[in-house]
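Thanks for coming. I will go through one model, starting with the ligand site and ending with some backbone geometry.

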Amino acid sequence: MSPSEKSRRSVVVGTGSALPSCRVTNADLASRGVETSDEWIVERTGITARHIAGDGETTATMATAAAQRALEAAGVDADKIGLIVLATATPDQTFPSSATRVQTALGIDDCIAFDVQAVCTGFLYALSVADNMLKGGMADYALVIGSETFSRILDWEDRATCVLFGDGAGAVVLEARDTSDRGILATKLHADGRHNDLLFVDGGPSTTGTVGKLRMKGREVFRHAVVNLANVLTEVLDAAGHKVEEVDWVVPHQANKRILDATAKKLSLAPERVIVTVDQHANTSAASVPLALDVAVRDGRIKQDDLIVLEAMGGGFTWGAAVIRF
Ligand code: UT7
């Protein structure tokens, strides 16, 4: 199909996000007994603060707030939504899906609703699934959400992981349109389960019967992240028929500022084209890409018709990327 030919595509028509009200700085963590320092965290990760969910704030409540903001930005009524795909590794309950809780909270009586679990790559997986379902005609409007409460699966005694993560949610509204220019142009997804033991949670319903806590071999994850992300960015741009120089904005998974810098360098990508929110949000897993996207849309950096690339990598390993004419 030539780029000028019209086809049914998923166009991003609104974005939204939500953060817990409690903001915790690096100094706050140190004063609460974590054996760390602002200096170490900033130097190794670029993180200065994160938001932590409080009483009554859950993956589904934050997802609902982010979805409401995205619907408002899109000017789309909730009852038009035919599909909700919610990416999370920290659902409110083992089942039912948090997506169905969001559906009810939005007052939608009947639509397709389910969760997707690909840890930090969850939003890319959810976006790709929703894109293909819209293109296949299963719905005309979709809500794609990433929402996480990683603070509830952290071992607060493990300073090597507890300082890295935060809570939050981000959402987009997709509309299926016959168009030759805007929309999701390509998505690429990968998984390699041989690396399960580098980033995992040491519990689950079918093994321990508990939720478990996050465990990570950070240095090894770091090494794989830069290679996988650079490869998938090249792959997805090839699939979309675009060159790295044409990209207006890269919206990466926000795990570590050093990973963002190293990936940009590997691809000769101008650092000022990379959206960075890891300093304020830390790593919010599946929420990080849509959260960063919403920040950059609302502050006026990302505009309609910009060529943007989303990318993420996480536990599994899983990794993926998407090219969107916004
Ligand atoms: O979202 C999924 C993807 N996740 C990621 O992408 C995370 C990838 N990994 C990373 O971001 C980095 O590897 C980390 C930020 C996790 C760690 O950075 P590092 O430069 O690889 O440090 P390290 O783990 O090798 O630890 C260096 C030192 C150790 O001390 P010794 O053994 O050298 O004496 C740690 O004990 O830093 C120590 N350390 C800390 N010190 C102060 C570890 N955590 C802390 C801490 N505060 N919070």
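Which helix gives the largest share of the shell around the ligand? Helix 7 does, with four residues. Helices here are DSSP runs of H or I with at least four residues, strands are runs of E with at least two, and both are numbered from the N terminus.

Before going on, the ground rules. This is a predicted model, where local features need pLDDT of at least 70, side-chain atom pairs count only at pLDDT 80 or more, and totals for chains, interfaces and linings use all residues. Residues are numbered from 1 along each chain as its sequence is written, and side-chain values use heavy atoms, with hydrogens and water left out.

Back to the shell. There are 23 residues around the ligand, and Thr36, Arg44, Arg219, Asn256 and Asn283 come nearest; a residue counts if one of its heavy atoms lies within 4 Å of the molecule. At least two shell residues come from each of helix 2 (38–45), helix 6 (159–162), helix 7 (218–240) and helix 8 (257–266). Domain 1 (7–179) and domain 2 (183–325) each contribute at least three, with bounds from an automatic or database domain assignment. By class, the shell has twelve nonpolar, six polar and five charged residues. Asp, Glu, Lys and Arg count as charged, Ala, Val, Leu, Ile, Met, Phe, Trp, Tyr, Cys and Pro as nonpolar, and the others, Gly among them, as polar.

Now the polar contacts, meaning pairs of N or O atoms within 3.5 Å. A polar side-chain atom of Asn256 is 2.6 Å from a ligand oxygen. For Asn283, a side-chain N or O atom is 2.6 Å from an oxygen of the ligand. With Trp40, the distance from a side-chain N or O atom to a ligand oxygen is 3.1 Å. On its own the ligand has 960 Å² of accessible area, and the protein covers 75% of that, by the Shrake-Rupley method with a 1.4 Å probe.

Last, the backbone. Most residues other than glycine have a negative phi, and most peptide bonds are trans. Phe95 and Pro96 are joined by a cis peptide bond, with omega about 0 degrees; Pro96 is in the loop between strand 4 (83–87) and helix 4 (98–105). The bond from Gly316 to Phe317 is also cis, with omega near -10 degrees, and Phe317 lies in the loop between strand 12 (307–314) and strand 13 (318–325). Val119 has a positive phi, near 50 degrees, in the loop between strand 5 (112–116) and helix 5 (122–135).

Conventions. Polar contact = N/O pair within 3.5 Å; in protein donor to acceptor, adjacent residues only side chain to side chain.
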